Amino acid sequence: AWTVRQPQSPESEPREGAIRFQPVDFAPWEVPLLQADAFAILGRHQVAAAAYQKLAREFPGIPELLESQGQLALEQFDLKAAQSFFQDAVQRGSTSAEVYLRLATLRCGMRSEEAACLQWIDRALELPAAGSQRRPVGRE
């Protein structure tokens with residue numbers, strides 16, 4: 001796992017106003033996923049797609065990866081693929097309210113009474129708002 005640690009010599013105390021870092025452990029797939037997301041944000045969609053596919057082979061079924069793949073598909077106007085990735089992310093336990101709402105939007109009409117659609121919307125309302133998520137799905 002990747003770990004970020006605060007550089008500090010044993011003999012020095014942090015200065016007042018200094019930024020303090022808490023150790024953060026990353027799963028083996030998280031840093032490569034962030035790199036792939038960066039390629040997608042920069043518009044290098046083919047590079048991002050290849051990185052996502054490689055990660056999917058190495059770490060199948062990770063909801064965050066499926067969320068990113070869905071976002072990329074959505075940005076490329078491939079609504080069918082986006083829906084499929086978002087649905088897989090939900091089935092694998094996604095904790096992103098945004099993903100549940102996007103899935104409901106892609107799959108259901110505005111006046112849909114379909115049980116699955118209503119469940120996705122209810123689940124989205126139960127989850128933390130996008131600003132408090134660990135890693136947002138959308139790209140600004």
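In this predicted model, P63, L66, E67, Q69, G70, Q71, A73 and L74 of helix α3 meet L79, A81, A82, F85, F86, D88 and A89 of helix α4, where contact means heavy atoms within 4.5 Å. The chain holds six helices and two strands; these are DSSP runs numbered from the N terminus, helices being H or I with at least four residues and strands E with at least two. Local features need pLDDT of at least 70 and side-chain atom pairs count only at pLDDT 80 or more, while totals for chains, interfaces and linings use all residues. Residues are numbered from 1 along each chain as its sequence is written, and side-chain values use heavy atoms, with hydrogens and water left out.

**Helices α3 and α4**
- By class, the contact of α3 with α4 has ten nonpolar, three polar and two charged residues (Ala, Val, Leu, Ile, Met, Phe, Trp, Tyr, Cys and Pro count as nonpolar, Asp, Glu, Lys and Arg as charged, and the others, Gly among them, as polar).
- Helix α3 spans residues 63-75 and helix α4 residues 79-91; they pack at an angle of about 165°, with axes 8 Å apart (axes are lines fitted to C-alpha atoms, for helices over the stretch in contact, and angles run from 0 to 180 degrees between N-to-C directions).
- α3 and α4 are therefore roughly antiparallel, the term for angles over 145 degrees.
- Their crossing is left-handed, meaning that the near helix is turned anticlockwise from the far one by less than a right angle.

**Helices α1 and α2**
- Helix α1 (residues 30-41) packs against helix α2 (residues 45-58) at about 160°, and their axes are 7 Å apart.
- This pair, α1 and α2, is therefore also roughly antiparallel, and the crossing of α1 and α2 is left-handed.
- P32, L33, A36, D37, F39 and A40 of α1 make the contact with H45, V47, A48, A51, Y52 and L55 of α2.
- Sorted by class, that contact of α1 with α2 has ten nonpolar residues, one polar and one charged.

**Disulfide**
- The count comes to one disulfide, defined as a pair of cysteine sulfur atoms within 2.5 Å.
- C108 is joined to C117, with an S to S distance of 1.6 Å.
- The torsion about the S-S bond of C108 and C117 is about -85°, so the disulfide is left-handed.
- Both C108 and C117 are buried, that is, under 20% relative accessible area with a 1.4 Å probe, protein chains only.

**Whole chain**
- Along the sequence the pattern is β-β-α-α-α-α-α-α.
- Of the 140 residues in the chain, 31% are buried.
- Among contacts between residues at least 6 apart in sequence, 50% join residues at least 24 apart.

How values were computed. Angles under 35 degrees count as roughly parallel, over 145 as roughly antiparallel, 65 to 115 as roughly perpendicular and the rest as oblique. Buried means under 20% relative accessible area, exposed over 50%, partly exposed in between (1.4 Å probe, protein chains only).
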